[in-house]
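Please open the model in your viewer and keep the selection panel at hand.

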Amino acid sequence: MPNKIIVTGGAGYIGTHTTVALQTAGFDVVVFDNLGNSSGRAIDGVVRITGVRPEFINVDCSDMDALARAFDAHRDAIGVIHFAALKAVGESVEKPLVYYRNNLNGLINVLDNMVRCKIPNIVFSSSSTVYGEPDTLPVTEDTPLKPAKCPYGQTKVMGEQIIRDTVLANPDLNAILLRYFNPIGAHPSAEIGENPNGIPSNLLPFVCQTAAGIREVLNVFGDDYDTPDGFCIRDYIDINDLASAHVAALKHMLDGARGIDVFNLGTGRGVSVMELIKTFESATGVSVPRKIAPRRAGDVPAIWADASRANRVLGWRANVPLSETLASAWRWQQKCMAEQNS
Ligand code: NAD
Ligand code: WQD
């Protein structure tokens with residue numbers, strides 16, 4: 001049975017966890033990654049979990065010639081999961097052209113090669129950022145999209161549109177757009193996890209580094225929001241649950257779903273920043289020094305998913321309890337520190 005899947009960005013945070021999920025489900029994975037925000041060591045972690053080394057091609061998706069050669073070597077693939085993108089919100093404001101070039105050229109080149117090589121199924125990493133500051137909560141897939149607040153978010157809005165138009169023009173191409181809420185945590189084995197460069201801008205990596213004493217204090221951005229406890233609310237989804245949704249999406253297309261579809265991937269539960277910090281402390285027994293800081297520009301006060309469509313159509317739901325996810329992130333943090341010190 002043909003079962004080869006190309007995973008662009010497969011050396012990254014979500015890509016490694018999804019590669020594990022794909023291999024565990026019996027798929028043969030080929031990773032395309034330029035290692036711009038990752039390292040080959042992440043793939044070694046995958047191998048330690050599954051016992052199988054995915055084929056790895058060091059290629060930049062925005063380099064059409066190189067990407068065409070990589071696709072030519074894997075014309076027998078039955079699907080592509082396209083993770084490869086730059087994702088730092090702040091950096092995208094400073095370097096919009098770098099983000100548009102990388103994220104949009106990369107996507108266009110991938111789609112072009114899929115049509116050329118007749119590879120019929122794509123899963124695309126979109127983001128809850130496409131909803132901007134929603135007027136109603138929770139957000140369903142029909143909640144209107146808003147202009148994104150940063151070039152990074154804009155590449156997701158535009159990426160979704162590019163895929164819609166390409167599917168419309170190519171009846172043999174199927175696509176599933178997955179709008180992730182806030183992915184967090186690590187594989188339970190602590191063999192793979194999130195590896196931010198420099199000072200983390202996302203909440204949980206900063207919480208872990210503060211708990212570990214690498215950062216002095218966590219700034220909690222704003223305590224005066226119009227929410228029950230005054231803190232921002234997000235929908236934090238376990239990375240392993242997120243990974244398994246990609247397998248479900250792929251199987252849905254392989255089972256015959258045609259055209260384009262879109263799914264929110266979240267838990268359906270909103271959690272405030274303070275609730276997350278306190279759950280981390282009780283799950284790990286480690287305290288997180290913190291102070292209230294001004295609101296962060298561009299933050300949406302509250303957003304969480306209605307993820308019932310993914311449950312109805314894909315048979316998928318988020319299962320891992322938040323405390324377990326936070327404990328996995330902490331184990332990963334400790335393992336990274338132990339490796340640095342050895
Ligand atoms: P990541 O940076 O850990 O992984 C992305 C991978 O893509 C990296 O290994 C990087 O080297 C690679 N890459 C980037 N540009 C490339 C290019 N032009 N050619 C080849 N490889 C390239 O990020 P992640 O958190 O795993 O995110 C994966 C996808 O999910 C991205 O599209 C991101 O925008 C999206 N997403 C992430 C989050 C999140 O909070 N992590 C939320 C919503 C959506
Ligand atoms: C979560 C909450 C902060 C850091 C971003 C992107 C989004 C998606 C996921 C890719 C907010 C608060 C944070 C800190 C804090 N990525 N916070 N102190 O902003 O919801 O989403 O990552 O698609 O597009 O925008 O995630 O983890 O940065 O913040 O108080 O040091 O934690 O204010 O309320 P966000 P985050």
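Helices (H or I, at least four residues) and strands (E, at least two) are taken here as DSSP runs, numbered from the N terminus. This is a predicted model, in which local features need pLDDT of at least 70 and side-chain atom pairs count only at pLDDT 80 or more, while totals for chains, interfaces and linings use all residues. Residues are numbered from 1 along each chain as its sequence is written, chains are lettered from A and ligands numbered from 1 in the order in which they are written, and side-chain values use heavy atoms, with hydrogens and water left out.

**The two domains.** Colour domain 1 (4-185 + 236-265) and domain 2 (203-233 + 269-315 + 318-341) separately; such bounds come from an automatic or database domain assignment. Their C-alpha centres lie 24 Å apart, and 28 residues of domain 1 are in contact (heavy atoms within 4.5 Å) with 27 residues of domain 2.

**Ligand 2.** Select ligand 2 next, together with the 18 residues that surround it, of which Y152, L203, N219, R234 and D299 are the closest; a residue counts as near if one of its heavy atoms lies within 4 Å. Because domain 1 and domain 2 both give residues to this shell, ligand 2 lies between them. Strand β8 (residues 218-221) supplies the largest share of the shell, 4 residues. Show distances from the ligand: one of its nitrogen atoms is 2.7 Å from a polar backbone atom of N219, an oxygen atom is 2.9 Å from a polar backbone atom of F221, and an oxygen atom is 2.5 Å from an N or O atom in the side chain of R234. Taken alone, ligand 2 exposes 680 Å², and the protein buries 87% of that, with accessible areas from the Shrake-Rupley method and a 1.4 Å probe; for residues, only the protein chains shown count as cover.

**Helix α3.** Move to helix α3 (residues 64-72), where the buried residues are A66, L67, A68, A70 and F71; buried means under 20% relative accessible area, exposed over 50% and partly exposed in between (1.4 Å probe, protein chains only).

**H82.** Which strand holds H82? H82 lies in strand β4, and its relative accessible area is 1%, so H82 is buried. Not counting residues up to four places away in sequence, H82 touches several residues, including T8, C61, G106 and F124.

Note on methods
A polar contact is a pair of N or O atoms within 3.5 Å; within protein, one must be able to donate a hydrogen and the other to accept it, and residues adjacent in sequence count only if both atoms are side-chain atoms.
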